[in-house]
Amino acid sequence: MTKKIYSIILACLWLSLSSTASNVPDLRTWHIDEGKASHKFMIEAQGEFRLGFVRSMNYGLSEWYDLHLDPEAKSNLTRRDLGEAANGFQGALFNQVINPHDVIAHIGLAGTRFKDEPRNFKIIENNARRVIVEATYFTMLSSTVTKDFKLKTRYVIYPTGRIYIHNTMIFLNDYTLTTWRHATISLGDPQHYAYGSKEKGTVEVSGKNKLRNSEANWKPGSLKNMVLQQPKWNSWLILDNTETELTIGQQIGGRDPLKSGTYDIGSHETIYGWLRGDNNTNPTSWSKDESKFCFTYWDKTTPEPYRDYSRASILLAPSPENEIKGTSRLHSWIGFKRQYFGGDFKISRKKGEEIHQHYLMQLGAENSKLLPNIRKKEVGAIYANPYLNPQEDLSFDRKDGVYLVNLQQGAEFSVQRQDSKPVLLCTGAGGEPKISLNEKILLAGKDYLSMKTDKGYLIQFLSDWKESELYKLRLK
């Protein structure tokens with residue numbers, strides 16, 4: 001064989017391998033400072049995302065890095081850069097807020113004032129196809145730790161950016177909750193000045209839709225799309241500004257006209273920074289219909305230096321079978337934004353009782369061939385709908401996010417709706433399953449990834465299921 005022919009054969013083999021290589025990376029994990037108060041457990045899908053469970057945040061999912069924009073993982077998107085109040089550090093992809101006492105599941109006080117309070121972190125499964133972990137902890141705020149109940153949160157994480165959450169509230173005493181924001185995406189927003197927190201001062205009316213502060217020294221245009229607030233809940237959008245004068249636009253709160261006197265300036269809830277939408281409205285606003293899912297993404301028009309702060313996105317969908325519901329709503333403060341499901345509920349339970357809730361979370365990123373770019377409800381629906389309404393001919397386990405197939409019985413089903421790279425758990429005696437699509441045998445490593453676990457074979461599909469496709473599974 002000549003050297004030239006040998007080179008051609010090698011090149012063809014490389015092209016063949018590369019064309020069939022999986023775009024679903026393996027997961028890898030590692031500990032930082034294991035056994036110490038600064039302990040973190042890290043999970044990474046190479047080139048896609050990195051996540052961290054942080055002991056000093058009550059083992060919340062409190063680190064999130066978009067490895068497309070930030071390949072060196074320097075920018076934790078849950079962090080809070082703006083504002084100093086200790087109660088305000090609550091970054092976590094899944095958080096909870098509970099009354100009485102407004103206590104928080106994942107908060108920085110868990111690593112300072114309450115660093116000695118008991119909490120537990122357990123790794124249930126750890127392999128290339130998925131990682132399952134569970135955190136148990138108490139809620140806290142200011143000087144209060146609530147010991148009448150504890151929370152146990154289980155996360156099932158796949159390299160596709162799909163995370164299935166099973167949250168349990170365990171009552172240690174008879175107790176009544178009055179508020180439960182039971183599923184809360186909590187992200188730092190370095191340009192957000194909520195509720196007039198950017199500045200205060202005094203202005204005089206200087207013309208139609210004009211206000212002047214002769215002592216100001218504003219950068220021209222820097223207050224565009226901020227919100228001006230005057231007493232009695234009157235507020236307006238700022239159209240533009242010079243060094244000392246504001247041009248005022250649409251009134252967005254109250255009925256009184258502009259007046260000379262005191263003012264506050266803050267950020268608009270749905271302009272710039274993290275934008276929050278749901279299946280009804282985008283950005284989220286009032287709707288008569290209860291939300292089925294919500295999503296969060298960065299506004300590309302945010303002024304510098306934060307225009308390209310993030311290109312990531314995230315979706316959250318509560319199980320329709322959850323006992324405690326509530327539509328998606330917004331909340332924020334200086335340097336921080338939340339979007340949550342829940343509300344004001346009177347929930348009374350006896351000692352020893354439990355409440356179980358399930359959720360889907362999907363990570364997103366721009367310019368990824370694997371993760372979705374979730375900026376529209378239509379994109380969000382593609383990922384939420386299979387969780388909300390799973391394939392009818394298969395049994396779906398919302399706790400682990402898998403379709404269950406007993407290979408002794410086999411399975412044959414026609415796909416009802418698009419499902420993005422789903423996962424099967426195949427049980428039953430024997431070896432790996434034989435899988436066909438429209439009567440064509442699928443190949444392990446090319447069409448799906450297979451891993452044997454103590455429960456059976458975990459099958460990660462490398463392509464989406466499309467409507468009307470016919471799949472058959474049986475023992476080899």
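About 30 Å³ of space lies in the second largest cavity of this structure, where a cavity is a set of points, on a 1 Å grid over the protein atoms alone, at which a 1.4 Å probe fits but cannot get out, and where lining residues have an atom within 4 Å of a point. Its volume is the space filled by probe spheres set on the points, which are joined across faces, edges and corners. The model is predicted, so that local features need pLDDT of at least 70 and side-chain atom pairs count only at pLDDT 80 or more, while totals for chains, interfaces and linings use all residues. Residues are numbered from 1 along each chain as its sequence is written, and side-chain values use heavy atoms, with hydrogens and water left out.

**Cavities**

The lining of the second largest cavity consists of Ile185, Leu187, Trp274, Arg276, Thr296, Lys337, Arg338 and Gln339. Strand 12 (179-188), strand 19 and strand 23 (336-343) each supply at least two of the residues in this lining, and the largest share, three residues, comes from strand 23; strands (E, at least two residues) and helices (H or I, at least four) are DSSP runs, numbered from the N terminus.

In total, the structure holds two cavities of 30 Å³ or more, and the largest cavity has a volume of about 120 Å³. Of the 14 residues that line the largest cavity, Arg162, Tyr164, Pro386, Phe396 and Asp419 are the closest to its centre. Strand 10 (162-171) and helix 2 (377-388) each supply at least two residues of that lining, with helix 2 giving the most, four residues.

The table sets out the two linings by class, in which Ala, Val, Leu, Ile, Met, Phe, Trp, Tyr, Cys and Pro count as nonpolar, Asp, Glu, Lys and Arg as charged, and the others, Gly among them, as polar.

| Cavity | Nonpolar | Polar | Charged |
|---|---|---|---|
| Largest cavity | ten residues | two residues | two residues |

**Aromatic pairs**

Rings of Phe, Tyr and Trp (its six-membered ring) pair if their centres lie within 6.5 Å, and planes under 30 degrees apart count as stacked, over 60 as edge-to-face and the rest as tilted. By this rule the count comes to 26 aromatic pairs. The rings of tryptophan 64 and tryptophan 274 are stacked, because their centres are 6.4 Å apart and their planes stand at 20°. Tryptophan 64 lies in strand 4 (residues 60-66) and tryptophan 274 in strand 19, so this pair ties together parts that are 210 residues apart in sequence. Both tryptophan 64 and tryptophan 274 are buried, a term that means under 20% relative accessible area, with exposed meaning over 50% and partly exposed the range in between (1.4 Å probe, protein chains only).

The rings of phenylalanine 461 and tryptophan 465 have their centres 5.3 Å apart and their planes at 75°, so this pair is edge-to-face. Phenylalanine 461 is buried, with a relative accessible area of 3%, and tryptophan 465 is buried at 0%.

**Strand pairing**

Two strands pair if DSSP finds at least two bridges between them. Strand 18 (residues 261-266) runs antiparallel to strand 13 (residues 199-207), to which five bridges join it, and in this pairing valine 203 stands opposite glycine 261. Strand 18 is also joined by three bridges to strand 15 (residues 227-230), again in an antiparallel arrangement, where glutamine 229 stands opposite aspartate 264.

**Loops and backbone**

Most residues other than glycine have a negative phi, and most peptide bonds are trans. Aspartate 102, however, has a positive phi of about 55°; aspartate 102 is found in the loop between strand 5 (92-99) and strand 6 (103-104) and is partly exposed at 34% relative accessibility. Asparagine 209, in the loop between strand 13 and strand 14 (210-212), has a positive phi of about 60° and is partly exposed, with a relative accessible area of 37%.

The peptide bond from asparagine 282 to proline 283 is cis, with omega near -5°, and proline 283 lies in the loop between strand 19 and strand 20. Threonine 281 is found in the loop between strand 19 (274-278) and strand 20 (294-298), and is buried, with a relative accessible area of 16%.

Terms used:
On a 1 Å grid over the protein atoms alone, a cavity is a set of points where a 1.4 Å probe fits but cannot get out, and a pocket is an open set with protein on both sides within 12 Å along at least five of seven lines; lining residues have an atom within 4 Å of a point.
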